[in-house]
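Please look through the sequence and the model before reading on. The paragraphs below are meant to be followed with both in view.

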Amino acid sequence: MEKLKNYIQELLDVQIHLDDVGLKDLGKLPFHLKEGFRLYHTTLLGRELILVHLKEELVSLHQVDKQFENFTRVLNTPLVLVMNDVPAIIRKRLVQKGINFIVPGKQMFLPSLLVDLRETFRKPKVQKDSLLPSAQVILIYRILNRNKKLEELPLKQLAQELKYTAMAVTKAAENLKQKDLCKIIGTKEKYILFDLPITELWHMAQPLLIDPVLKRVYVDDYPRDKNIFLMHANTSALPEYSDMNPGQQEYRAIEKGLYYSLQKRGAFKNLNEYSGRFCLEVWKYNPIVLATGITEESNVDPISLYLSLHHMYDERIEMALEKIIEKYIW
């Protein structure tokens, strides 16, 4: 928040004072809302405001709408979302929705105060210690198919099962070995050996795991034929693995290569970044491969589903994800 105060001082030549909004002032708001945000009362350009500091990365405009509605119901004061960083697609949607927000050092958009100062957004840094997408596929395959003895499956055959080239799987296995998650055994034929229990393997791998979703876009429809099958994803996939009902938005997962091929052909109806009947999650790896033999309802696999949703602030989703971990990890 010091960075925020310095940013406002630099741009508007005014100093602001921040007062914590106490838990008592938030009434009966759900605990996860109180935990996921810090709220500050301030005055800026003669207007009283509540600064809502989001502690982690924002990924869902629906999430913000719902949570701001909860805050507004309790605090009868204009709200300003404060974030450390935000993807360009979310920034555009926040601007379109007219939601006040500040990204210190980058952008200040306060339509309620007639302030709109835009700057160039830098791409987020890639976490260098993350697993390769192909290595993550092998790891999740091991977790979901714990009864299969991968140490008896040559890497060439594993590559066929996972729809990768032999070279890609060899590189992925080396990536896992470098992170001390597996061993590579064999001389003429190479095999991958996971000798850690599933719970320990998961614990060691968690900091290295990536969100399988590259980006999210919206369409009113997508081509349907025998060569194009899109798995249910996001909240559309949760009902199979938890007690949660599907949301109104329909989600589908599509492998990035297929997505860009169809996009080039103009195969999507009304492709855009804001809204549509379907939200397409463009995945970094093929969602069908890991789900084969796991899902009975055409959903993405539960571990990748967990990784695509675990950063969201939604009590229902958090409870659903807990069930996934209980069933597939513990």
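The text that follows treats strands, a helix, aromatic rings, a pocket and several loop residues in turn.

The model is predicted: local features need pLDDT of at least 70, side-chain atom pairs count only at pLDDT 80 or more, and totals for chains, interfaces and linings use all residues. Residues are numbered from 1 along each chain as its sequence is written, and side-chain values use heavy atoms, with hydrogens and water left out.

The strands come first. Helices (H or I, at least four residues) and strands (E, at least two) are DSSP runs numbered from the N terminus, and two strands pair if DSSP finds at least two bridges between them. Strand S1 (residues 19–20) runs antiparallel to strand S2 (residues 37–44), and 2 bridges join them. Within this pairing, Asp20 has Tyr40 of S2 as its bridge partner. On S2 there is also an antiparallel pairing with strand S3 (residues 47–54), formed over 8 bridges. Here His41 stands opposite Ile50 in S3. The hairpin of S2 and S3 has 2 residues between the strands, and in it Leu45 takes a positive phi near 55 degrees.

A further sheet is open and has 4 strands in the order S10-S13-S12-S11, with mixed pairing. Strand S10 (213–219) and strand S11 (231–232) each have a single partner strand, so they stand at the edges with one side left without a neighbour in the sheet. In S12, Arg252 is the bridge partner of His232.

Which residues make up helix H5, and how far does it reach? Helix H5 covers residues 133–144, 12 residues in total, and spans 16 Å from its first C-alpha to its last, close to the 16 Å expected at 1.5 Å a residue. The expected span is 1.5 Å times one less than the number of residues. Burial is judged by relative accessible area: buried means under 20%, exposed over 50%, and partly exposed in between (1.4 Å probe, protein chains only). Because 11 of the 12 residues of H5 are buried, the helix is largely enclosed by the rest of the structure. Among these buried residues are Val137, Ile140, Tyr141 and Arg142.

Rings of Phe, Tyr and Trp (its six-membered ring) pair if their centres lie within 6.5 Å; planes under 30 degrees apart count as stacked, over 60 as edge-to-face and the rest as tilted. The structure holds 7 aromatic pairs. One of them is edge-to-face and consists of Trp202 and Tyr306, at 5.7 Å centre to centre with 65 degrees between the planes. This pair links distant parts of the chain, since Trp202 is in helix H8 (residues 198–205) and Tyr306 in helix H12 (residues 302–309), 104 residues apart. Both Trp202 and Tyr306 are buried. Trp283 and Tyr285 have ring centres 5.7 Å apart and planes at 80 degrees, so this pair is edge-to-face. Trp283 counts as buried at 0% relative accessibility, and Tyr285 is buried with a relative accessible area of 1%. One aromatic cluster is formed by Tyr259, Tyr260 and Phe268.

Tyr285 also belongs to the lining of the second largest pocket, together with residues including Pro133, Val137, Leu162, Lys163 and Asn286. On a 1 Å grid over the protein atoms alone, a pocket is an open set of points where a 1.4 Å probe fits, with protein on both sides within 12 Å along at least five of seven lines; lining residues have an atom within 4 Å of a point. By class, this lining has 6 nonpolar, 1 polar and 4 charged residues.

Several loop residues complete the account. Arg146 is placed in the loop between H5 and helix H6 (155–162), and is partly exposed with a relative accessible area of 36%. Arg146 and Tyr328 are 182 residues apart in sequence and 9.8 Å apart in space, C-alpha to C-alpha. Asp180, in the loop between helix H7 (166–178) and strand S8 (183–185), is a residue other than glycine with a positive phi near 60 degrees. Asp180 is exposed, with a relative accessible area of 57%. Asn270 is not a glycine either, yet has a positive phi of about 60 degrees. Asn270 lies in the loop between helix H10 (256–264) and strand S13 (278–283), and is partly exposed at 44% relative accessible area.

Conventions: Nonpolar A, V, L, I, M, F, W, Y, C, P; charged D, E, K, R; others polar.
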